[in-house]
Structures are given as structure tokens and as C-alpha cells.
Amino acid sequence: MIEKSTKAARGTVQCENTNINLLKANDFVADIIKKEMAKTSTLLINITSSAGSGKTTLMQKTAEKLKDKIKIAVMVGDLETERDADRIRETGIQALQIVTGGICHLEAQMIHQVLDQFDLENIDLLFIENVGNLVCPSSFDLGEDYRVTLMATTEGDDKPKKYPKMFLTSDMMLVSKSDLLPYVPFSVEAVTKDAREVNHELEVIQISSISEEGVGEWCDWLLEKVQQKKG
Amino acid sequence: MHETSIVNSIMRTLEHEFESEKLNKMKAIHLKVGILSNIEPRLLHNAYSAYHLTNPGYHHVQLHIESTTLKIQCEVCNHITDVKNYRFLCDNCERPSKNVIQGEEMLIHKVEFND
């Protein structure tokens with residue numbers, strides 16, 4: 001075989017500029033979820049935070065306050081156990097556990113797989129309680145209308161700059177466990193300033209599911225968004 | 001866990017985009033990942049090595065990862081700012097901005113194939 005005498009070396013490489021998003025598959029499914037939700041005008045809210053910042057307790061409190069006004073359901077992700085869904089069901093609303101089996105975040109595919117378990121026609125507000133983790137869940141669009149991040153007063157007020165992407169992609173920060181403020185070295189002002197340096201549009205509510213501080217404001221915000229979604 | 005699932009997702013995406021004949025000639029994968037993407041290049045390289053243990057077909061394919069810094073472009077004055085210390089403020093007019101133009105990407109930027 002005669003070798004080509006051109007200047008192109010043997011094993012010339014051919015390049016394809018692709019610019020494909022690594023999470024293309026996820027974003028494709030997230031779009032499907034968005035369309036499903038639009039059909040029934042169901043508001044979808046993705047709740048994120050570190051583990052132990054009070055997501056499930058807030059779900060219980062929110063269900064208690066709003067279940068007579070609107071139809072609410074929750075899907076909750078954890079690495080193992082059905083515990084959180086059991087706690088939420090005790091308030092009388094539908095809750096479904098997604099056990100990720102070790103995966104540190106929820107992906108759109110996991111949400112889409114369980115969507116048919118819900119009678120979306122009759123649900124005004126569907127919460128996704130994400131896996132407790134401020135890192136990985138920030139990268140995965142679940143087709144939500146709003147992303148709400150809890151930031152507990154027991155966690156320390158330095159978190160927004162440590163986990164900037166979560167705060168950049170959130171619409172609302174709930175400073176949770178505010179009833180503990182007298183006992184912990186935590187400044188709501190400092191955490192709000194840091195978070196708004198990352199995301200100037202971030203809404204902030206100081207909230208406690210125990211003392212019920214801010215719960216009214218939170219519920220009003222939800223009702224307003226449910227109304228907006230219904231157009 | 002996270003890096004492993006990202007490597008799987010990259011390989012699945014490529015298998016979806018290109019014919020298997022072409023994939024057999026794949027030489028290198030170039031990724032572009034922003035500082036905000038939560039992808040740590042070193043860990044991704046490790047996960048990629050681990051991937052070959054169960055999928056030896058691609059063991060000769062090199063992985064290149066380019067990290068990108070964080071930049072915003074002001075919606076008002078169009079000035080481009082390198083974001084330092086996660087302060088999303090325009091250098092020029094001091095207005096806050098969320099208009100990230102670089103630093104969030106997670107892209108399969110380029111794929112090389114042997115001729």
C-alpha cells in the first residue's frame with residue numbers, strides 16, 4: 001500500500017465541535033415534565049437544602065396550613081427508607097418516596113417515572129423534596145417552576161458563598177429554624193447579604209415550622225404562585 | 001457517585017450522537033466545565049479510568065477537561081466582569097447581574113476521531 005505523500009501525518013484526526021450539554025438527557029426529560037405540568041396548571045416546586053435543615057417538617061407544616069385551601073402532594077427523595085413520606089402522609093396529603101439507592105441527587109428521569117402515580121388534574125401544588133445536599137441537586141433541572149432552598153440557622157451563615165450554584169439557581173431562600181436564633185451564632189443579615197451577592201433576585205423569608213414565624217408569608221407566596229400558574 | 005454518573009452520561013450521549021462505526025475511531029473527548037458546574041476535573045478523570053474497567057472498549061480514548069472561569073455580562077452596560085469571590089456585580093457600573101456567560105457550562109466541547 002502506498003502511503004499518501006501529503007503533509008497530513010498518518011492518523012490525522014478529524015474533529016467535531018459538538019458543544020453538547022453533559023446533562024442533555026436530563027434537560028430533555030425536564031422539558032417533558034414542564035409540559036405535563038402546564039397541561040394541568042400544576043405548580044411544581046423543588047425544595048433543596050443540606051440534610052437536616054427542616055425540609056420535611058416544613059412540608060408537614062405547609063400541608064397542615066394549606067390542605068383545606070389547595071390540593072397538595074409531595075414526592076420526596078432520599079438515599080434510603082420511606083421515613084419522610086410516612087411523616088408527610090400523616091398530615092393527610094399524598095406523599096411518594098423516591099429511594100435513590102445511594103445517588104446524591106434527584107434527576108428528571110426519576111421524577112418523570114413516578115409522575116403517573118399522581119392525579120395531576122386534581123393537584124394544584126406538587127413539591128419535590130430533594131435529597132439533602134447543597135451540591136449536586138443544583139445542577140439538575142427537574143422541570144420545576146421555582147427552586148426554594150432552606151438554610152437553617154444551625155448550619156452557619158457562611159453557606160451561600162460556599163455553595164454558590166445552589167443559591168444562584170434558587171428563587172427563594174428560607175432561613176429555617178429561626179426559633180433557634182437566640183441560641184446560635186447566626187446572622188440573618190449576613191447570610192442574606194452573602195446570598196444576594198450571588199443572586200440579587202433571591203427572595204428571603206425567615207421561617208420556623210415550630211414557632212410558625214414566617215409560615216404565613218410562605219403560604220401566601222405559595223398561594224400567589226399557584227394562582228399565577230392557573231393564569 | 002456523582003462523577004461516575006456524569007461519565008456514564010457522557011458516554012451514553014456520545015453513543016446517541018454518533019454511529020458505532022465512528023465511535024470505534026474515537027480518539028479523544030474534550031470537555032469544557034465551568035467552575036460553577038460542581039465538576040472536579042481530577043475526580044472526573046478518576047471516574048473515567050474506573051469506567052474503563054467495566055467498559056474496556058473505549059480505554060484508548062483520551063479525556064481532556066478544560067475548566068472555565070466565571071464571567072458575567074451586565075445587562076445594562078454590557079461590560080464583561082470576571083466574577084471574584086462569587087460577588088455577582090458589574091465591575092463597571094456596580095449593578096448586580098445573574099447573566100452568567102461563562103463558568104456554568106458542562107459541555108462535550110469537541111470529539112476527535114482517527115481518520
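This is a predicted model: local features need pLDDT of at least 70, side-chain atom pairs count only at pLDDT 80 or more; totals for chains, interfaces and linings use all residues.
Residues are numbered from 1 along each chain as its sequence is written, while chains are lettered from A and ligands numbered from 1 in the order in which they are written.

Chain B has 3 helices and 6 strands, which are DSSP runs numbered from the N terminus (helices H or I, at least four residues; strands E, at least two). Starting at the N terminus, they go α-α-β-α-β-β-β-β-β. With a radius of gyration of 18 Å, well over the 13 Å from the globule rule for 115 residues, chain B is more spread out than a compact globule. That radius is taken over C-alpha atoms, and the rule is 2.2 Å times the number of residues to the power 0.38. The C-alpha atoms fill a box of roughly 55 × 30 × 20 Å along the principal axes.

Now for where the chains meet: 31 residues come from chain A and 28 residues from chain B. On the chain A side, β1(A) gives the most, with 9 residues. These elements of chain A each supply at least two residues:

| Element of chain A | Residues |
|---|---|
| β1(A) | 13–21 |
| α1(A) | 24–40 |
| α6(A) | 164–168 |
| α7(A) | 188–198 |

Definitions and conventions:
Two residues are in contact if their C-beta atoms, placed from the backbone, lie within 7 Å.
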